[in-house]
Amino acid sequence: MLAEFRDIESQSILSTDICIVGGGAAGISIARELIDADCSVMLLESGGMSLNSEVQKLYQGTNTRDDFALHATRFRLLGGTTSVWGGWCAPLDPIDFETRDWVPNSGWPISYDDLLPFYVRAQELCELGVYRYEVTDWPSLAEKTLALDPAKLEHKMWQFSRPPTSFGPAYEEQMRRAANLKVLLNATVTQIITDPAASRVTAITVQDLHGRRATVHASRFVIACGGIETSRLLLASNKIHSSGLGNRYDLVGRYFMEHPHPDAGGMLLTGDPESLSAYGFREIAGERIATAFGPSPAAQERHRILNSSIALNGPLSHAPSEGWDSLIKISRAREAGKWPENLGSHIARVLRDLGDVLREGYHHNDEGPVKGYQLIARSEVVPNPENRITLSHDRDALDCNRAQLDWNVGTLDRTTVASTMILLAEELGRLNVARVRVNELLLEDDTRWSEGLSWFGHHMGGTRMHVDPRRGVVDADCRVHGISNLFVASSSVFPTCGFANPTLTIIALALRLADHVKSSMAAGA
Amino acid sequence: MISRERRGILAGVLLTLVNALPFSRALSAAPRNRRGPPNIPSDDLLTRIWLGEHYLEIHPEERSASRISYELFGDECTSLCNLNNRPVLQQHVLKQHNQDFRQGDVVIIDGWVLTRTEARVFALSAIESAS
């Protein structure tokens, strides 16, 4: 059933077997799995069925990079951020789970094969077709793909939830009908309460913006609040330990990750444009997919780089302009308070190419055959303990400390994209398909590159998974180390992030956790 | 031939002109690491010279036609060059160019990922132009 928190008497004490905090993709996935199980389930969602701006303000916080607002990247309503997502789905690659000696803090305690059955099940929740993330799974596509050197590149694929499954409306009716599930809307969890040893959660505190307050007791608690709020809630639950719950080793909030989407450069075709017809977005048998390039595992190891993908990002249908390029160089140098080297030759190029420079300046694209493509990267970043979520001194309307996010991208994050572009250039050159130009910001310093990066709200890390409590907040079952009945279902548990959009992995991990909770309940643990 | 001083004055004047034009304002309004579409290491001689000059700035030790020829053709340099047989030379360079791609022997000039062979051919153009 669905209910409003406002309809419950304030100061109530509620009981359930399993309490899920957060009604986004992870929380709903677990709740669905527990429908008809031999237990009672309560799902607490901070928002309602639609967005409320006052509730949404609870997400406000500080991002020290100042390139996105925290409250603009997550949404408090039933279904969470699936109410606005783009439907991009891809699993992590097998190598993403491995310990790579060239990637600091890499390695999951579970493998791709461990998660594969749950990925397959996650497809259904996202209303995707059959699990098919290899180009060979799509014969009509495979015959058009390039014969890449596996020592350098491989194909990367996405399937699209279309229209993107909004988990609230999609599963509302099912949850409404479930006899053992109670969904409480507009119920914000503000505190996790434990026994004096902080070894077991006894209850959680629930509040709303109108002063109502309640306590929920349960035998198991699942925090499914997303990549930032999960850490925030653990840190804010500091009545027993001042550093928060699960934070004995100062790990909660650390290793925050996001996927940078840099402009990687461009390519110009030298061969038949049809040779790239398999790449980009395609519709096959009613399904939407996308295919891109990325470094093979062998290349990642040889070049000691992270995982990434490079995709076509819009065709170029006009003649290229070297004069415009020189103008860009002059402009960038002036931004840095300098003049470019060879200023005279840059000016000569501008003047020699004045017609095309004017065309570029006015963003006028000729209608004509495709001559090339812009390229965009979607890339993994290093899990860095200095990239962290902490509590700020500011408080929200429920008197909870707001989140503060201190983070940045680093050298390996940048050089990964540059190296992948070079591999792509070598392969497209060898196959006489296209010539590649790298965005020169990727070849410079980290600071210039990191300015103006695009982000898509892929918040990961903060409660990373590791078998050793000194190196992770949750164990391989997503249970918070040292606390017997507290679990996390969120991208916050990702130890590394690959290049793939996180939603499918979030759901797969949630389904795996649901199975674990069910089996432990059945075993009477 | 104009003097260095006059070239400097001319550059300043041209730059002022460039900054005053509307496309310059459009440029500064663009996202910082968005760039215009790439140009191509084309058959255009001036582009080749431009790229070749940049290669020679990175590798000043190759700033002679004989050195570049040796780097391109190795021990066969003398016999191949004496042949003065354009198709044979072209075939040799093309083979080396493709091999560079396979082996990852590339250089980045002006953002372009060029094979080393290709860059050396451009460098030859630059040396030729300067002489």
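Q: What makes strand β4 (residues 41-44) of chain A and β8(A) a pair?
A: Two strands, which are DSSP runs of E with at least two residues, numbered from the N terminus, pair if DSSP finds at least two bridges between them. β4(A) and β8(A) are joined in the parallel sense over four bridges, and so they meet that condition; within β8(A), V183(A) is the bridge partner of L43(A). This is a predicted model, in which local features need pLDDT of at least 70 and side-chain atom pairs count only at pLDDT 80 or more, while totals for chains, interfaces and linings use all residues. Residues are numbered from 1 along each chain as its sequence is written, chains are lettered from A and ligands numbered from 1 in the order in which they are written, and side-chain values use heavy atoms, with hydrogens and water left out.

Q: Which strand besides β4(A) pairs with β8(A), and in what sense?
A: Strand β1 (residues 2-4) of chain A pairs with β8(A) in the parallel sense over three bridges, and L185(A) in β8(A) is the bridge partner of E4(A).

Q: What makes strand β8 (residues 181-185) of chain A mostly covered?
A: Four of the five residues of β8(A) are buried, a term that means under 20% relative accessible area, with exposed over 50% and partly exposed in between (1.4 Å probe, protein chains only).

Q: Why are α1(A) and α5(A) called roughly parallel?
A: Helices are DSSP runs of H or I with at least four residues, and helix α1 (residues 25-34) of chain A packs against helix α5 (residues 167-177) of chain A at an angle of about 25°, with the axes 11 Å apart. Angles under 35 degrees count as roughly parallel, and therefore the two helices are described in that way. The contact (heavy atoms within 4.5 Å) involves, among others, I28(A) and R32(A) of α1(A) and Y171(A) and M175(A) of α5(A).

Q: How do you know that α1(A) is mostly covered?
A: Ten of the ten residues of α1(A) are buried, including A25(A), I30(A) and L34(A). Just after α1(A), D36(A) takes a positive phi of about 75°.

Q: What makes β2 (12-15) and β9 (188-194) of chain A edge strands?
A: In the open sheet of four strands with the order β2-β11-β10-β9 (chain A) and mixed pairing, β2(A) and β9(A) each pair on one side only. β2(A) pairs with strand β11 (residues 213-217) of chain A in the parallel sense over four bridges, and there L14(A) stands opposite V216(A).

Note on methods:
Axes are lines fitted to C-alpha atoms, for helices over the stretch in contact, and angles run from 0 to 180 degrees between N-to-C directions. Angles under 35 degrees count as roughly parallel, over 145 as roughly antiparallel, 65 to 115 as roughly perpendicular and the rest as oblique.
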